Amino acid sequence: MSATQGTGRADSTGHVGRTVVDIAAAVANGSLSAVAVLEENLAAIAARESEVHAFNLVTTDRARERAIQIDADVQAGKKVGRLAGVTIALKDNMCTRGVETTCSSKILAGWKPPYDATVVRRLADEGAVFVGKTNLDEFAMGSSTENSAFGPTRNPLDTSRVPGGSSGGSAAAVAAGFATASLGSDTGGSIRQPAALCGLVGVKPTYGVVSRQGLVAFGSSLDQIGPFTTTVADAALMMEVIAGHDPLDSTSLPQPAPMLTGELSKGVQGMRIGRITDMPEGSSPDVLAQLEAAFDALRAAGATVVDVQMPSMLYGLTAYYLVAPAEASSNLARFDGVRYGLRVDAKDLNSMYGATRAAGFGDEVKRRIMLGTYALSAGYYDAYYGKALKVRRLIADDFAKAYTKCDAILTPTSPTVAFKFGDKTSNPLAMYLCDVFTIPTNLAGHAAMSVPFGTGEAGLPVGVQILVPALGEAPMFRVAAELERAQ
Amino acid sequence: MTTSSVNLSSIVATAEQLIDGWELVVGLEVHVELATKTKLFSASANRFGDEPNTHIDPVTLGLPGALPVLNRHAVELAMRLGLALNCRVQPCTFHRKNYFYPDLPKAYQISQYDQPLNIDGWLMLPGDVRVGVERAHLEEDTGKSTHAGGAEGRIQGSDYSLIDFNRAGVPLVEIVSRPDIRTSDQAKQYVSELRGILLAVGASDAKMEEGSMRCDVNVSVHKPGTPFGTRCEIKNVNSIRSVGRAIDYEARRQIDLINSGGVVKQQTLHWDDSAGRTNVLRTKEDADDYRYFLEPDLVPLAPDAAWIERVRAALPPLPAARRAALATLTGAGKESEAVAVIVERGQDEYISAVTKVGGDAARALIYVQQAFAEEPATPRVPAGDIAALSLMEKNAKLTSTQAKTLLAELVANGGGDVLAMAKAKGFEAMATGALESIVDQAIAADPQAWAKYKAGEQKAIGALVGAVMKLSAGKADGKAVTALLQAKASS
């Protein structure tokens with residue numbers, strides 16, 4: 001197939017996205033130049049970035065140098081990687097050597113890491129071209145990207161709406177054709193929910209499958225990096241590149257990356273798909289209708305749908321909002337004005353700490369630091385953090401029971417399609433509820449992904465979430481590919 | 001970590017150990033830097049004394065995104081120490097201890113909390129005093145702050161502060177004793193014995209003056225048979241001598257305070273060595289809440305039985321056992337100074353080598369103690385040379401004075417042919433007959449001294465011995481001369 005046609009879906013602007021798989025193949029065989037791919041993205045950025053604000057930084061010069069180099073390598077007959085010429089946007093909480101990494105926080109503005117995150121190195125080794133660093137909710141704390149210190153990102157499909165969060169910039173960048181694919185991080189749904197709201201495929205791998213080295217930590221026991229792509233096959237290829245053991249991350253599982261592209265054509269014949277009968281309420285009818293349609297599609301493809309129970313699902317939210325802030329309160333303590341980032345001078349050490357952190361962190365970050373500090377404090381630990389850990393185990397137990405009956409579970413990714421700006425900013429709890437379906441996966445350390453499935457209110461995309469047990473990436477991608485085919 | 005307090009202890013001070021009727025209760029928390037090549041969680045060098053901030057990296061500096069990776073050698077050294085302290089090595093976890101300070105880069109220290117690597121050991125002091133070791137756990141060191149200007153080198157009131165992160169992330173083991181120590185001497189012996197064990201197993205260079213071994217001392221006083229008193233923790237105790245002084249000072253302070261109607265408050269104190277007193281750093285009310293929680297960036301550590309046994313099997317003989325062996329070999333007391341000193345220097349194996357090639361162990365002990373203080377554990381002088389020297393002296397071929405001269409020469413030259421050296425110097429011990437005639441000459445030459453000596457004036461013997469040595473051109477054995485004079489005087 002001609003590389004210029006591609007298989008990507010047309011977005012609302014009529015832009016025909018190219019896919020990772022197509023670009024990599026075409027650039028490697030010399031039928032498409034990496035520079036041409038990049039220039040198409042840069043043109044899209046020039047046209048719409050001021051409106052969308054997907055990026056904190058567009059690294060135009062570095063990207064051009066890199067694309068030229070890749071084309072030269074192809075011309076010279078050198079071996080190029082599996083992602084040759086593929087343009088990728090990185091969430092701005094992943095360290096990039098010599099390139100500003102801010103976490104969308106004033107406290108880190110201007111900080112240039114002296115090293116690359118493992119995922120960045122792995123993508124670069126396979127020939128990826130980095131377009132820039134994308135906007136996020138400050139330190140990945142939020143579900144709409146409205147908590148960025150540098151202003152919100154808009155959903156390219158409807159700029160009056162949020163792209164979701166916290167990886168909103170990474171989702172918007174791919175949805176707007178600013179990059180072929182992107183990386184996000186997912187602590188409680190921060191890849192899957194924006195993928196759903198922007199009509200993309202988004203993967204939260206099993207905890208330990210993708211290295212966290214170089215990812216600025218939010219909730220260390222929950223964080224995982226994963227891809228945003230326009231197709232399931234692209235997501236599979238991206239996973240194969242970024243996953244696999246990393247000796248620099250002690251929580252990285254000692255095994256190679258899962259081979260997923262071979263799974264896509266296997267179908268779901270004979271698979272058992274779980275439907276949660278006691279699912280938390282509050283999802284909008286358009287979303288639930290698409291979920292039903294997804295079950296129908298899988299049934300039609302030969303899967304059986306079985307009922308399962310997840311009584312602890314709703315408690316996941318409460319447990320998460322103790323565990324994640326507790327870890328965050330410790331992870332973010334290093335931003336103290338002593339060694340890097342913002343420092344606000346004051347009369348003595350403690351005043352300097354206070355002034356720096358007061359000026360450097362936004363409200364949501366402060367809220368979570370206080371929550372987490374409180375939850376870990378002497379006298380409160382058992383009642384809050386300790387209890388949250390018990391709920392975490394309960395959720396894992398519920399999942400284990402459910403997975404005796406099924407191979408994967410389908411839920412909505414988000415209770416609603418993309419919502420309007422300001423809808424939930426005044427009510428943190430309503431915002432937290434966005435993640436009710438995504439959070440349990442992180443607490444259990446399992447894998448999950450969101451695939452676009454039909455549209456809902458205002459013609460906006462609906463995402464269906466596929467849940468699987470730890471290391472269930474292979475069956476998860478079989479289901480995802482089937483849902484994509486059913487579109 | 002603080003020593004868990006037990007209300008009543010089975011260990012009771014003897015009457016002479018009591019201070020005005022008060023029993024002293026001491027527990028020690030000793031931090032030692034492990035002798036690894038690299039840091040506990042990163043590949044930066046673990047080296048003391050280099051230019052500031054030259055052994056740093058993203059992990060050491062706590063840069064965003066950097067993750068710790070546990071140093072296997074540090075675990076092995078910590079296990080070695082634990083096993084040497086008769087601890088149980090168990091599956092363990094790491095926790096974060098959260099507090100803000102500029103030399104703590106991540107604003108938390110990775111340490112071990114409720115599941116330390118080594119637990120329930122003990123250490124034996126001279127006189128068979130057994131001190132329990134509650135735990136010996138792994139943790140990372142902080143950077144080093146230097147506060148310029150201001151009064152006592154403290155951050156309060158200083159003009160500016162400098163931080164050296166070379167030390168940040170250096171592997172430490174914190175050894176927490178049980179409150180089983182009842183005198184300041186025992187505390188000093190404990191630190192000294194612990195230091196000997198650390199050196200023996202190669203876990204640390206244990207240099208208190210360089211800070212690679214640091215003591216915090218918990219002190220309380222109470223009347224025997226009553227619950228323990230409130231304890232104070234003394235920090236900045238940087239030598240074994242200071243351990244004793246700080247405890248003596250603090251015990252006196254607490255006793256005087258109670259006797260004058262006061263109450264001891266739980267405090268952290270700072271030992272001011274030059275002033276010889278403790279000062280309050282903070283009281284319990286404003287103690288930090290460290291918000292310990294499981295370190296999510298590390299996985300549990302569970303050394304398997306095979307690894308533990310390998311480490312145990314490779315343990316070298318420990319100081320106590322070595323002292324006993326040396327005492328048996330040489331016939332010296334196992335708590336004698338010579339035995340202690342030589343084991344501390346690690347030269348006991350050398351003496352054993354001297355003995356193996358036929359040398360006289362008792363004399364070798366004296367030679368080595370006297371002349372090898374500046375020598376390494378394996379002295380440069382071949383063991384055979386010392387063996388030859390000891391035999392010549394033993395067989396009265398040399399006087400002790402002559403032996404001493406040759407010993408000094410051996411040390412200076414790193415060995416030598418003792419027989420040839422003795423010949424070159426014209427050394428040969430005098431036969432008893434020849435010696436007696438010289439002694440008679442000396443008496444005849446100085447009848448006054450002889451009369452005084454005979455009358456009981458002991459120091460008069462000096463002149464006579466000196467005269468004999470002169471007449472014999474140094475070949476007479478001083479001891480033999482003295483014995484001869486004594487025999488003549490009492491006959």
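A:Ser166 sits in the loop of chain A between strand S3 (129–134) and helix H5 (168–175). Helices and strands here are DSSP runs, numbered from the N terminus: H or I with at least four residues for helices, E with at least two for strands. This is a predicted model, in which local features need pLDDT of at least 70, side-chain atom pairs count only at pLDDT 80 or more, and totals for chains, interfaces and linings use all residues. Residues are numbered from 1 along each chain as its sequence is written, while chains are lettered from A and ligands numbered from 1 in the order in which they are written.

Start with the backbone. Most residues other than glycine have a negative phi, and most peptide bonds are trans. The bond between A:Gly165 and A:Ser166 is cis, with omega at about 10 degrees.

A:Cys103 is not a glycine, yet its phi is positive, near 60 degrees. A:Cys103 belongs to the loop between strand S2 (87–91) and helix H4 (118–125) of chain A. A:Cys103 is buried, because 32 other C-beta atoms lie within 10 Å. The cut-offs are these: buried takes 20 or more other C-beta atoms within 10 Å of the residue's own, exposed 12 or fewer, and partly exposed lies in between, with C-beta atoms placed from the backbone.

B:Asp120 also has a positive phi, near 55 degrees. B:Asp120 is part of strand S5 (residues 118–125) of chain B. B:Asp120 has 15 C-beta neighbours inside 10 Å, so it counts as partly exposed.

Now the sheet in chain B. Three strands form an open sheet in the order S4-S3-S14, with antiparallel pairing. S4 and strand S14 (293–294) are the edge strands; each has a single partner strand, so one side of each lacks a neighbour in the sheet. Two strands pair if DSSP finds at least two bridges between them. Strand S3 (residues 95–98) and S4 of chain B are antiparallel, with 4 bridges. B:Asn98 is bridged to B:Tyr108 in S4. B:His95 stands opposite B:Ser111 of S4.

In a regular strand the side chains alternate between the two faces of the sheet. Strand S4 (residues 108–111) of chain B is covered on both: B:Tyr108 and B:Ile110 are buried on one side, B:Gln109 and B:Ser111 on the other.

Last, the domains. Chain B splits into domain 1 (15–311), domain 2 (319–424) and domain 3 (432–490), with bounds from an automatic or database domain assignment. Taken over C-alpha atoms, the centres of domain 1 and domain 3 of chain B are 59 Å apart.
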